[in-house]
Amino acid sequence: MSQVVGKTALAYSRVWHMVDAKDRVLGRMATTIATTLMGKHKPIFDPASDCGDYVVVVNAKHVHVTGRKADQKLYRHHTGRPGGLKEIPYKYMMEHKPEEIIRRAVSGMLPKNKVRELRLSRLLIFPDEKHPHEGNIIKRYDEKINPDPKNFMKSEKFKPKLYKKKSNEVKQN
């Protein structure tokens with residue numbers, strides 16, 4: 001029996017992923033979410049087909065940004081009226097709509113085409129731990145990314161491993 005999945009319904013089945021945004025860097029987290037929404041992690045990926053998975057993000061109000069972005073970043077939109085450019089600072093957005101920060105970051109990393117809104121509809125963001133999709137979750141992204149990139153290389157993951165040198169002694173009888 002062959003174990004090749006090919007382009008069958010099994011290959012296109014959608015898996016539910018959960019991402020905990022607590023103490024994660026916004027941009028690095030958004031790239032992995034965008035990759036999962038597009039389906040680039042699957043071997044059957046095709047840019048013209050929609051084969052991405054569902055992503056549930058919890059703890060959206062605990063996400064971090066690096067540098068001085070918390071003070072300087074502005075979210076802009078236009079009302080369509082003359083002089084209708086609106087600017088919302090990051091800190092105000094974090095207090096009132098923390099899920100919108102992640103949605104805009106992921107939206108900027110998706111291709112600008114007709115499938116973009118469909119992919120974003122599979123992104124479900126919740127500001128706290130509670131969400132109604134607990135029974136659907138199959139995969140969890142629990143790995144923590146240090147919010148300070150300068151200390152990231154000093155973590156336990158990146159400590160060099162010491163190997164013992166093999167001796168090239170030949171036994172003599």
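**Entry 1: the model.** I am working from a predicted model.

**Entry 2: the sheet.** I looked up the strand order first. I find an open sheet of 4 strands, ordered β5-β2-β1-β6, with parallel pairing. β5 and β6 (137–141) are the edge strands, each pairing on one side only. On average, neighbouring strands are turned by 25 degrees against each other, direction ignored.

**Entry 3: strand pairs.** I went through the pairs in turn. β1 (residues 16–20) pairs with β2 in the parallel sense over 5 bridges. Here H17 stands opposite V55 in β2. β2 is joined to β5 by 3 bridges, again running parallel. V57 has I125 in β5 as its bridge partner. Between β1 and β6, also parallel, I note 4 bridges. W16 stands opposite I137 in β6.

**Entry 4: helices on the sheet.** I then checked what packs on the strands. α1 packs on the sheet and touches β1, β2, β5 and β6. Its direction makes about 155 degrees with that of β2. α4 packs on the sheet too, touching β2 and β5. The direction of α4 makes about 155 degrees with that of β5.

**Entry 5: the largest core.** Which residues have the most contacts inside the largest nonpolar core? I find L26, I33, V57, I102, V106 and L123, in a core of 27 residues. Elements giving two or more residues to this core are α1 (26–38), β2 (54–58), α3 (90–96), α4 (98–109) and β5 (123–125). α1 gives the most, with 7 residues. β2 is mostly covered, with 4 of its 5 residues buried.

I took V106 for a closer look. Not counting residues up to four places away in sequence, V106 touches A30, I33, A34, L37, L120 and L123.

**Entry 6: M93.** Is M93 buried or exposed? I read a relative accessible area of 4% for M93, so this residue counts as buried, the cut-off being under 20%. M93 sits in helix α3. Leaving aside neighbours within four places in sequence, I list its contacts as Y75, I88, P98, E100, I101 and R104. Y75 and M93 are 18 residues apart along the chain, and their C-alpha atoms are separated by 8.3 Å.

Terms used. Residues numbered from 1 in each chain as written. Predicted model: local features only at pLDDT ≥ 70, side-chain atom pairs only at ≥ 80, totals over all residues. Heavy atoms only, no water. Core = buried A, V, L, I, M, F, W, Y, C linked by side-chain atoms within 4.5 Å. Buried < 20%, exposed > 50% of the residue type's maximum accessible area, 1.4 Å probe, protein only. Contact = heavy atoms within 4.5 Å. Pairing = 2+ DSSP bridges. Axes fitted to C-alpha atoms, helices over the stretch in contact; angles between N-to-C directions.
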